[in-house]
Amino acid sequence: MHIPDGLINDPRVWLAADVVAAGTVAYAVRRESRALKPEEVPLMGVMAAFVFAGQMLNVPVAAGVSGHLLGALLAAALLGPWRATIVMTVVITVQCLLHADGGFAALGLNVINMGLAGTLVGWLIYRGVRAVIAGRAGVLLGGAIGAWASVVLGALLVGVEIGLTGQTDFVTPAKALVIVHVPIGLLEAGITVGALAVVLRARPDLLGCAPRGAVEAVSTAEAAP
Amino acid sequence: MSPCDHPEQATRRALARRVDPRVAVVCVLAFVTVQAATPIEEWPRFVAYAGLLLIAVIASRVSLVWLLKRLALALPFVIAVAMSTLLVRPSADSAVRLPGTDLMVSGPLLILLASVAAKATLSIVALSLPVALWDFPVLVRALQALRIPRLFVMLIAFMWRYVYVLGDEARRMVQARDARSPRGRLVRRVLVVGSMAGSLFVRGYERAERVGQAMVARGYDGRLRLLVPLRRFRAADAAAVLVVAGALCAMRLA
Amino acid sequence: MNAIEVTNLHYTYPDGTHGLRGVSLCVPEGACLGMVGPNGAGKSTLLLHLNGILNGHGGVRVFGKPVHEDLQAARQIVGLVFQNPDDQLFMPTVFDDVAFGPLNLGWPEERVREAVTRALESVGLTGHGDRSPHHLSLGEQKRASIATVLVMDCRIVVFDEPTTGLDPRGRWEFIDLIRDLPATKIIATHDLDLVRELCDRVVVMDDGHLVAEGPAADVLADQELLEEHGLAKPLDG
């Protein structure tokens, strides 16, 4: 849901979002630059490409309708919240500049709705669930709830952003937007769980889990039964 | 599905390519921001913006079909707002008559519809011009010269390089799945795409480890050094800045 | 003088897998050494030690100097050509990629430009500098990979599976290119014809050990040895 320029008509709203997003991302960059090892820079770059390419994997839902992964929560689970924030910002910015997908004035809004909602809030939920339920089950359940929440929260934020102008006539469309995203969030949750399950099997170390027996190779064969 | 759809070669000979890419990027971003900040009620300004943009489009020799395809990205939003305008019952003080009909609709929603249609169109067309005119590596250099944080420049460069590689892998996975005709319940289909994403991640991660090794093998120490061919500003660059800045100022003050 | 001297090298991967279990190896200057062995034998692991990317127990010396005394110096001497050009070529354009090493060595801009032009010319890619690696054919990608090491005037060039995926013509062009390189060469490969064509000496690795070493003709003719380590015997051997 890349918001184009003009959907949020009031400049005060998108300017404020630009400032909030820029501040958060600047913090993330300052914080991570210090700890970043040289070889982790290509890692984050390739992860940005992964999120971009992962959005090409479409799920046929019904005739003519298909959905795809957003990936903010998945990125946060795999890279940590701040690195995922940087990666999602890069993805969303390039999508804006290269594909004109999402507006430029609205860049801050998109970074908040599609990035921060998942990489920070979704991630907190994911960590919370993992703190209660240990092991694989915690990773999968936390991933599912976090991914679903990140999508619904993203839609909720768009609704709030539209509603900030104070027009009562905007309430109904904003509500509809959130309701539509409740099932879309389930799609995100399902894809995220599927992805985490593969990573748990192939590289559990990346999710902070101990390897279970021998490390198996991941192949396309097991990805597409 | 291509990560960077490139328009035909016509733009190679375009007048607009005489402008320095850095200047072009700054002009486009300034234009997009200024028009987005203009209240939609002041509609004559948007006629002027569109005129300015039209000149840039002609000078860039971009094909209309290519622009229309990109404009389709905003279509779902325009349709959604249009449907809301038609379906939402307006409150008593905000109802206006839809021009040419007897239908009473919400004034604020009608204004929102005009806003998203006009601003998204201007924004998408303007943002498309630099991409149509220059190859991506040139634009990355322009961003670097504009003092975007180094980490971002590096990540954008890596992402662009590996989006093709991972995109090819993703495409092959989708083909392999579709070749085995994915019948089955929705839950199953969703989980299959999930495991494809997981495989893509693991392969990407392991590729990144090898890329890191290849970089270290050639003396990489964490700083990306690029030769930026910084061209001197020329008359065309100054002219572009003056025209865009002057036009934007005039439109805001008028 | 020995270009490379490896003494009793051990390496264990972080997940506990043994990569190398005591490998010793000498490569004289100017030699062309073939390294064969099944997948997982430890060939790539050994190659990654030669300019200090991995750091196991034991000694690795390049022209007499321990690699870890001066990593940057070792990396200018030993050039590594990775198996997959998508790993080796990571920059947006071929020019940027070939210029990457020299820029890291701190060369001045003019010298970098000259060296890149010369390296691209020597692999037959003059005029392709502005292209994206993704838009090159596999053969061109492999040649660009070589240019990225040639440009640094490496005295030792190490290849990991150089001919994988090439069609027959691309493979022969590539073999000619390697043969003409004025450097000490180490080639890890499954392509025994390539070894026969280019190498004077061969080592056989299996399970982290160096199991045989000798003149190429002798090793490639040893049917029993090749069968024992899962390597096909050359058809005309």
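Reader: How much area do chain A and chain B bury between them?
Author: About 6,800 Å², with 77% of it on carbon and sulfur atoms. Keep in mind that this is a predicted model.

Reader: And how many residues of each chain are in contact?
Author: On chain A there are 75, and they are in contact with 81 residues of chain B.

Reader: OK, how many salt bridges across the interface of chain A and chain B?
Author: The rule finds two. One of them joins the side chains of A:Arg203 and B:Glu206, at 3.3 Å from N to O.

Reader: Which elements of chain A give two or more residues to the side that touches chain B?
Author: Those are the helices α1 (11-35), α2 (40-54), α4 (81-99), α7 (171-202) and α8 (220-223), plus the strand β1 (58-62).

Reader: Which one gives the most?
Author: That's α2(A), with 13 residues.

Reader: How does that side of chain A split by class?
Author: It has 52 nonpolar residues, 18 polar and five charged.

Reader: Switching topic: where is B:Arg22?
Author: B:Arg22 is in helix α1 of chain B, which covers residues 21-37.

Reader: Is B:Arg22 buried or exposed, and why?
Author: B:Arg22 counts as buried because its relative accessibility is 13%, and the cut-off for buried is under 20%.

Reader: So what does the side chain of B:Arg22 make a polar contact with?
Author: With the side chain of B:Asp20, at 2.6 Å.

Note on methods:
Residues are numbered from 1 along each chain as its sequence is written. Chains are lettered from A and ligands numbered from 1 in the order in which they are written. This is a predicted model: local features need pLDDT of at least 70, side-chain atom pairs count only at pLDDT 80 or more; totals for chains, interfaces and linings use all residues. Side-chain values use heavy atoms; hydrogens and water are left out. Contact means heavy atoms within 4.5 Å. Buried area is the accessible area (1.4 Å probe) that two parts lose on being put together, summed over both. A salt bridge is a side-chain nitrogen of Lys or Arg within 4 Å of a carboxyl oxygen of Asp or Glu. Helices (H or I, at least four residues) and strands (E, at least two) are DSSP runs, numbered from the N terminus. Ala, Val, Leu, Ile, Met, Phe, Trp, Tyr, Cys and Pro count as nonpolar, Asp, Glu, Lys and Arg as charged, and the others, Gly among them, as polar. Buried means under 20% relative accessible area, exposed over 50%, partly exposed in between (1.4 Å probe, protein chains only). A polar contact is a pair of N or O atoms within 3.5 Å; within protein, one must be able to donate a hydrogen and the other to accept it, and residues adjacent in sequence count only if both atoms are side-chain atoms.
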